[in-house]
Amino acid sequence: MRFATPLLLAPLALVALSGCSSDAPDAAQEATADDARREVAATDRSPASDMPPPKTASSGDSLIRLSGAAGLAVGEPVPSTSGFTSSGSAPGSDCRLYTSPAAPGVTALVESGTVKRITRSEGANQALDEEISVGSTAAQAKAAFPGFVETPHKYAPSPAAYLTQPGEDPRLRFEIGEDGRVAAIHVGVMPQLAYVEGCS
């Protein structure tokens, strides 16, 4: 949108008085000039200057997005300033799990130097835009995401299961516990998104 910036400059009258001169400006003229300057400043002000700076992701961010969570981005390295540190890698693998005391209940799986999956589990007070979070019921998750594919849990009996977003990466995956509630929310890329034991 373009904003017109009218310049409302009131002309200053120059008064010549015969036989008399003064270096002091006429009070009325000075007031008129001040009014004009205030008008210009008001109309030249950009609306964008009133807008707050864009919010940046942080470990305290309360939303999970397909792009990432807790200040981490899927497909990007773990920022050195994020507060996340590695617990080490498995023998013969470059897969590492990262955690941060500033983001309890959040684990990042990193392979080949980039975040492949972010998991929010018990203790992580985080939610999706759809208001599904750890502790929500499986029925609530299915109602919010009716197209997700349900598969049996690898270890726990039904109603424990996995609800996985079909299609292209990155995507979302819910892990449902034996109590029928969301035990973990994963966001990331395949095949790491479907890992069930840390890095495997």
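Q: What should be kept in mind about the model and its numbering?
A: This is a predicted model, in which local features need pLDDT of at least 70 and side-chain atom pairs count only at pLDDT 80 or more, while totals for chains, interfaces and linings use all residues. Residues are numbered from 1 along each chain as its sequence is written, and side-chain values use heavy atoms, with hydrogens and water left out.

Q: How many residues does the largest nonpolar core have, and which have the most contacts inside it?
A: In soluble globular proteins, nonpolar side chains tend to be buried together. A nonpolar core is a set of buried Ala, Val, Leu, Ile, Met, Phe, Trp, Tyr and Cys residues joined through side-chain atoms within 4.5 Å, where buried means under 20% relative accessible area, exposed over 50%, and partly exposed in between (1.4 Å probe, protein chains only). Here the largest such core has 28 residues, and those with the most contacts inside it are Val78, Phe84, Ile118, Leu128, Phe145, Leu172 and Phe174. At least two residues of this core come from each of β6 (106-111), β7 (114-121), α2 (138-144), β10 (171-176) and β11 (182-188), helices (H or I, at least four residues) and strands (E, at least two) being DSSP runs numbered from the N terminus.

Q: Which strands pair with β6, and in what sense?
A: Two strands pair if DSSP finds at least two bridges between them. Strand β5 (residues 96-99) pairs with β6 in the antiparallel sense over 3 bridges, with Leu109 as the bridge partner of Leu97, and β6 also pairs with β7 in the antiparallel sense over 6 bridges, where Glu111 stands opposite Thr114. The hairpin of β6 and β7 has 2 residues between the strands, and Ser112 takes a positive phi near 55 degrees in it.

Q: Why is β6 described as largely enclosed by the rest of the structure?
A: Of the 6 residues of β6, 5 are buried, so the strand is largely enclosed by the rest of the structure.

Q: Is Thr119 buried or exposed, and with which side chain does its own side chain make a polar contact?
A: A polar contact is a pair of N or O atoms within 3.5 Å; within protein, one must be able to donate a hydrogen and the other to accept it, and residues adjacent in sequence count only if both atoms are side-chain atoms. Thr119, in strand β7, counts as buried at 11% relative accessibility, and its side chain makes a polar contact with the side chain of His186 (2.7 Å).
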